[in-house]
Amino acid sequence: MIDNLSIHNFRCFQDFTLEKTTNINIVSARNNVGKTSLLESIFFLLGFNNPDLFIKTNFIRGIFINLFSPDITWEHFFYLKNIEKKIFISSRINNSDISVTFEKDETFNINQSIIPIEKELRPVQDGYPLKITFLYGDNNYVGHVVPLQKSLTTTWSNVFPKDILPIVQYLGPNSEHPQNIVSTFGRLEKAGKKETLIKIFQILDNDLEDITTIFEEAPRLYAKKHGEPLLPLSVMGNGLCKLISIICAMLDKPNSIILIDEIETGFHHKFLFNLWKIIENISIENNIQIFATTHSFECIKAASKAISNKENIMYVRIGKNKYGIKPYIFDGSDLEFSIEQNMEIR
């Protein structure tokens with residue numbers, strides 16, 4: 001579990017420190033202050049060696065990359081797009097200090113990379129490699145991302161060992177399409193967890209009878225309601241699709257960290273209490289840490305009421321003043337008191 005977080009020169013954060021976290025962390029702020037950027041920083045910290053890091057993070061923002069020049073792919077992740085200053089993100093996790101640095105590195109010899117000879121896969125003209133340095137305790141891992149005409153290629157100077165960091169999953173507005181969770185749902189069904197999933201989904205829609213995978217030109221999830229024909233899950237409403245995305249992610253990867261952007265989107269406010277109760281129970285059973293953003297006071301209020309152990313919840317309001325962007329932390333009991341006193345906490 002992440003115990004704290006420090007961010008420098010990333011997105012809107014010049015210098016930002018979150019001194020503590022807990023099991024379920026809810027983040028709120030006004031528009032364009034840094035809610036989503038906070039999630040992205042964690043994704044960069046723990047997913048630094050994911051070859052699709054930049055592609056997926058941009059995709060969740062609605063940016064579809066087909067040209068892999070640095071200005072499109074990664075320069076906007078640097079504070080004020082100043083690529084002369086390093087991105088530095090650090091934390092303490094599993095009793096070890098970790099950090100990742102992203103920086104421009106024109107000294108790297110791209111011939112060290114495996115560059116295919118096809119014209120469209122040659123290095124981008126006027127591009128440059130991005131150096132990634134990951135520190136885990138006393139261990140140092142260095143890699144480079146090289147932009148090609150139609151893709152990215154990554155090389156590492158030493159092999160990063162598996163399973164020393166928790167898996168991080170990032171669920172954003174563009175990652176909830178049911179087609180994206182067919183394989184996850186299939187693994188859970190194979191593991192005998194389908195009945196558990198259906199019971200959870202019936203809390204949202206008690207007419208739901210079954211969810212199954214049907215193979216057409218591609219495998220798709222179909223839902224069955226009582227007295228109705230099978231229908232593609234994609235036409236069943238955003239709430240059900242989002243709930244399936246969240247629950248499948250939690251059950252499929254125990255001991256992971258899950259980032260959920262705009263968690264309230266697609267759900268009626270009366271369901272939010274049940275949503276947080278479900279999340280609390282599964283996160284405890286599967287040792288999962290949650291970071292979720294929201295604009296909704298109803299969502300924050302429902303979380304405070306639903307989560308029984310107040311030590312398991314923390315609310316972070318991100319504010320901006322002349323000194324920069326700062327977090328204001330409400331522990332579970334503080335959050336409950338603030339809501340009872342009708343204080344404006346968003």
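Colleague: What share of the contacts with a separation of 6 or more comes from residues 24 or more positions apart?
Modeller: In this predicted model, such residues account for 65% of those contacts, where contact means heavy atoms within 4.5 Å. Local features need pLDDT of at least 70, side-chain atom pairs count only at 80 or more, and totals for chains, interfaces and linings use all residues. Side-chain values use heavy atoms, without hydrogens and water, and numbering runs from 1 along each chain as its sequence is written.

Colleague: How many helices and strands are there?
Modeller: The protein has nine helices and 16 strands, which are DSSP runs numbered from the N terminus (helices H or I, at least four residues; strands E, at least two).

Colleague: How much of the protein is buried?
Modeller: Of its 346 residues, 51% are buried. Buried means under 20% relative accessible area with a 1.4 Å probe, counting protein chains only.

Colleague: And what box do the C-alpha atoms fill?
Modeller: Roughly 60 × 55 × 35 Å, along the principal axes.

Colleague: New topic: where does threonine 101 lie?
Modeller: Threonine 101 belongs to strand β5, which covers residues 96-104.

Colleague: Is threonine 101 buried or exposed?
Modeller: Threonine 101 is buried, as its relative accessible area is 11%.

Colleague: Which residues does threonine 101 touch?
Modeller: Leaving out residues up to four places away in sequence, threonine 101 touches Lys86, Ile87, Phe88, Lys131, Ile132 and Thr133.

Definitions and conventions
Buried < 20%, exposed > 50% of the residue type's maximum accessible area, 1.4 Å probe, protein only.
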